[in-house]
Amino acid sequence: MNTPIRRLSVFALILIGILMLNITWIQGFQADSIRADPLNRRTYSERLSEPRGPIQVAGENVAFSENVSPEGEPARYQREYTGGGLYTPIVGSFRTYGASGVEDTENTLLDGSDDRLAVRNFRDIITGREPEGAQVQLTLDPEVQEAGYEAFAGLGGKNGAAVAIDPSTGAVLGAVSYPSYDANEVVSITDLEDATNNYVALENDPAKPLLNRALNERYPPGSTFKVVTAAAAIETLDASPDSTMDAPDRLSLGHDLPNATPGGTCNGGQPDTLAHSIQISCNTSMANWAIEMGGTALSEQATKFGFNPPEGEELEIPLGVTPSFAPPEEDRNILGRAGIGQSNVEATPLQMAMVAAGVANGGEVMRPYVVDAVRDSDLSVITQTSPESYSQAVSASTAQDLTEMMVLVTGEGGSGTNAAIPNVQVAGKTGTAETGTESTHNWFIGFAPADDPQVAVAVVVEFGGGSGNELAAPIARQMMEAVVQ
Amino acid sequence: MSSTSAPEAPTALPPVKRRNAELVLTVIAILITMAGIAIAGLNLNGRVPSAMWTVGLTFGALSAVAHVAMRFLAPYADPLIMPCALFLNGIGVAMIWRLNASHEENIEGAGVGMQLVWTAVGLICCFLIIVFLKDPRILQRYTYISALVAIVLLMLPIIPGLGHAVYGAQLWIKIGPFTMQPSEFAKIALVIFLASYLMSKRQVLQIVGKPIKVGRFTLIELPRARDLAPILVGWLLAIGMLVVLRDLGTSLLLFGTFLAMLYVATQRSSWVTIGLVMFAGGATLAYFLFWHVRARVNIWINTFDQEVYEAVGGSQQLVEGLVGMAYGGLFGTGIGGGQAHNTFAADSDFILASIGEELGLTGLLAVLMVLGLLVERGMRIALAATGPFNKLLTSGIAFVLAYQVFIVLGGISRVIPLTGSTTPFMAAGGSALMASWIMMGILLRISDNARRPAPQSIQDEGATQVIRR
């Protein structure tokens with residue numbers, strides 16, 4: 001009977017050997033990928049016990065951690081947010097099972113695990129001080145943000161987004177996405193089930209409150225894109241504001257392209273100047289300009305403003321920005337429509353704000369950013385964002401021409417009079433984009449003051465069904481007023 | 001007895017006691033236990049906890065008594081069994097203390113629950129067997145009583161009023177304040193039954209058969225239909241466990257042990273083949289018929305699927321265990337330095353995952369080495385044991401140990417579906433610990449008998465001699 005016993009003992013050893021090999025595989029080789037699995041919920045839950053740094057807007061905490069444990073028990077930090085849904089699109093939320101917004105992108109700094117904090121962490125270990133996360137200071141201007149958010153709330157049930165940029169630096173002063181949500185509802189650590197249910201409800205909400213429309217939703221930009229077309233006309237065709245182009249009442253582009261202006265004419269059917277075409281938003285002349293310069297010229301001009309980013313080089317502010325597209329068209333009909341911001345042209349609100357900001361800043365587009373500075377808990381600066389050029393989209397003289405034409409838009413006889421601010425020159429451009437449905441998206445982009453720009457904006461009202469002047473321009477005006485008045 | 005072909009290593013063991021070696025190893029086991037508690041306290045609280053002395057020395061005293069008892073009661077027994085078992089028991093105690101401490105406000109208030117009491121009870125059982133079971137072969141007389149005991153023990157939990165479900169598994173019985181897991185003892189009764197049954201029937205099972213040949217090669221040697229009865233009964237029992245008690249772990253353990261012992265008794269691989277085919281068939285059928293079996297398999301295959309993770313009774317525990325092991329890496333977080341206490345059943349079914357996290361791959365491999373050593377010493381005792389019954393009994397017990405570790409850690413590390421089973425000596429819980437020590441008692445008794453020097457004559461002449469035992 002000893003032979004089978006020996007064999008059985010070998011088999012028993014094989015069983016143990018399989019286990020040894022398998023745990024070596026798991027703990028020795030797979031450990032990193034298991035830790036990186038999204039189902040590893042420790043990364044978030046274990047940090048509940050450490051104080052996470054605050055996120056600040058204009059020196060005030062808009063996200064901070066508070067110890068909710070009773071006296072004497074181990075600390076458990078609840079993340080709290082101010083402002084309801086006001087800052088959520090940018091600040092994001094730090095949930096038990098994930099994070100979004102700045103909470104996500106600056107996570108390692110906020111929780112103190114970033115390499116840039118290594119020296120301080122080492123010092124804390126030696127001095128026995130409780131390690132704390134760094135504080136993240138945003139570029140947002142609360143007045144701009146509130147003006148935009150409240151204006152959307154006042155529209156009554158319409159969704160959309162608005163972005164305001166400081167044209168000279170690229171600092172994002174406002175980034176509104178509507179509807180938004182109160183991050184406090186999804187981050188409770190005391191009532192996890194409630195928090196999870198609320199999050200699932202937001203995920204399933206047809207109004208998509210979790211979507212940051214300012215950065216991550218593309219819309220056809222409609223007539224606001226005529227600024228890009230005009231820029232390309234001046235740059236590549238040597239046009240001036242006084243140059244004229246055929247502006248028939250109807251232009252045959254596959255099916256007829258009508259003029260958007262009431263009465264349906266730009267200059268009584270006669271060739272129209274570039275300046276007047278921008279002022280009243282003439283469709284047919286701008287479509288002809290696009291056809292005249294060709295698809296490549298138009299697309300390249302758009303690329304200089306930030307469209308068509310190379311793959312892998314999409315903008316991060318540091319939140320990821322969905323790329324905007326204006327591809328080079330060859331077909332005359334499609335190209336003509338691209339010249340007025342339709343067909344295959346699609347842009348995020350941030351992209352259109354960059355167009356306005358580029359014109360405002362003498363043709364130079366600054367790289368947008370929302371994190372101004374990161375400071376240690378003792379307020380020493382860890383990182384400070386310095387303004388950086390994204391591109392020289394147009395020459396300074398072209399920018400000057402564009403500005404002059406855009407000022408006409410908000411003036412008498414212009415298409416965007418609702419954006420006018422008393423005693424301040426406002427440059428702008430309206431847009432009413434076809435969506436393929438009954439309703440239209442209503443746009444406004446612009447900047448103020450025109451002679452010394454301090455703020456550039458882009459506003460889109462999703463399926464507003466009105467005109468850019470009617471719905472979007474007032475929102476843009478209120479956001480600009482928050483800066484210039 | 002054996003001897004098929006090649007010359008084998010000598011099976012008889014020399015009558016060396018080596019009790020001093022046992023003493024040294026026992027002291028090491030005690031020191032490791034105390035160090036484990038001390039490190040846990042330092043990691044959790046920055047101080048060496050008083051439990052290092054209270055728990056550590058209580059365990060040390062129990063171990064010391066056990067060692068002294070060995071010197072008197074089983075002086076020739078294998079010297080590695082007792083220290084290996086004590087080491088595993090001690091590591092378990094230290095780990096359970098550490099896990100309990102994490103759930104206490106003040107870790108000085110943490111204890112190891114009843115684990116020390118059960119260790120004492122287990123050791124007492126072990127030595128009662130060593131003292132009173134002078135010759136384990138008398139157990140042969142109780143072949144069918146053992147079978148009955150095994151079946152009754154297995155069925156106890158489904159008796160209304162007595163049975164007690166814990167987390168959905170109907171494995172416990174409750175008498176007054178005590179809960180017991182009778183299946184832990186059933187496996188011992190089953191091994192005893194199998195040893196004596198197979199002892200008496202093995203020649204029939206071994207020899208009679210009809211070879212099925214392909215050309216000159218014997219593909220498989222099929223037994224007679226009527227000899228299939230015992231394997232059929234074993235199979236039915238295993239499937240019954242699976243279906244009625246929903247206990248995949250015990251089902252797997254009992255049937256596997258049955259096959260292993262059948263093989264040892266008959267040396268016929270056809271039995272193993274038939275058994276495995278039957279089990280595979282039964283398991284496949286069960287997979288299609290019963291959702292709880294399907295759920296287990298789904299958890300095993302799609303462990304890291306979000307939906308499976310979030311389902312009630314889903315893969316969360318398994319994922320938490322694996323994540324813990326991943327955090328442990330090669331050298332572990334140190335006892336008390338990890339988050340092992342957050343995993344469900346961290347001190348019982350998942351104690352090896354807790355070890356993997358806090359002692360790392362290195363520590364878990366060391367524990368497996370000791371478990372393997374214990375198993376192989378058991379097998380060695382079987383080789384040297386006198387008589388087929390003792391050989392069957394001992395190899396059965398050794399195999400149960402190895403197989404149980406395979407089922408539990410294989411489940412945690414996704415070699416096989418997770419079934420919920422206890423790790424010998426380490427998992428928190430009285431029944432499992434007592435059963436493990438009872439098995440050690442049997443091993444030590446058989447080992448002591450086998451290595452005891454042959455009776456020596458104390459006179460020089462005459463046909464009738466006075467001998468000394």
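Predicted model: local features only at pLDDT ≥ 70, side-chain atom pairs only at ≥ 80, totals over all residues.
**Entry 1: Gln301(A)**

Leaving aside neighbours within four places in sequence, I found Gln301(A) in contact (heavy atoms within 4.5 Å) with Val228(A), Ala231(A), Ala232(A), Glu235(A), Ala393(A) and Val394(A). Gln301(A) sits in helix H14 of chain A, residues 295-305; helices here are DSSP runs of H or I with at least four residues, strands are runs of E with at least two, and both are numbered from the N terminus. Buried or exposed? Gln301(A) is buried, with a relative accessible area of 3%. Buried means under 20% relative accessible area, exposed over 50% and partly exposed in between, with a 1.4 Å probe and protein chains only.

**Entry 2: Thr430(A)**

Next I went to strand S17 of chain A (residues 427-434), where Thr430(A) has its place. Thr430(A) is buried, at a relative accessible area of 6%. Beyond neighbours within four places in sequence, its contacts include Ser223(A), Thr224(A), Val409(A), Trp443(A), Phe444(A) and Asn469(A).

**Entry 3: H7(B) and H9(B)**

Then I turned to a helix pair. Two packed helices are described by the angle and the distance between their axes. In chain B, the axes of H7 (residues 229-244) and H9 (residues 269-289) come within 11 Å and cross at roughly 30 degrees. That makes H7(B) roughly parallel to H9(B), as angles under 35 degrees count as roughly parallel. The axes are lines fitted to C-alpha atoms over the stretch in contact, and angles run from 0 to 180 degrees between N-to-C directions.

The crossing is right-handed, that is, the near helix is turned clockwise from the far one by less than a right angle. Which residues meet? From H7(B) I noted Ile231(B), Leu232(B), Trp235(B), Ile239(B) and Leu242(B), facing residues of H9(B) that include Trp271(B), Ile274(B), Met278(B) and Phe279(B). The residues of this contact divide into ten nonpolar, two polar and no charged, with Gly counted among the polar ones.

**Entry 4: chain B overall**

Of its 469 residues, 53% count as buried.

**Bookkeeping**

Residues are numbered from 1 along each chain as its sequence is written, and chains are lettered from A and ligands numbered from 1 in the order written. Local features need pLDDT of at least 70 and side-chain atom pairs pLDDT 80 or more, while totals for chains, interfaces and linings use all residues; side-chain values use heavy atoms, without hydrogens and water.

Technical notes
Parallel < 35°, antiparallel > 145°, perpendicular 65-115°, else oblique.
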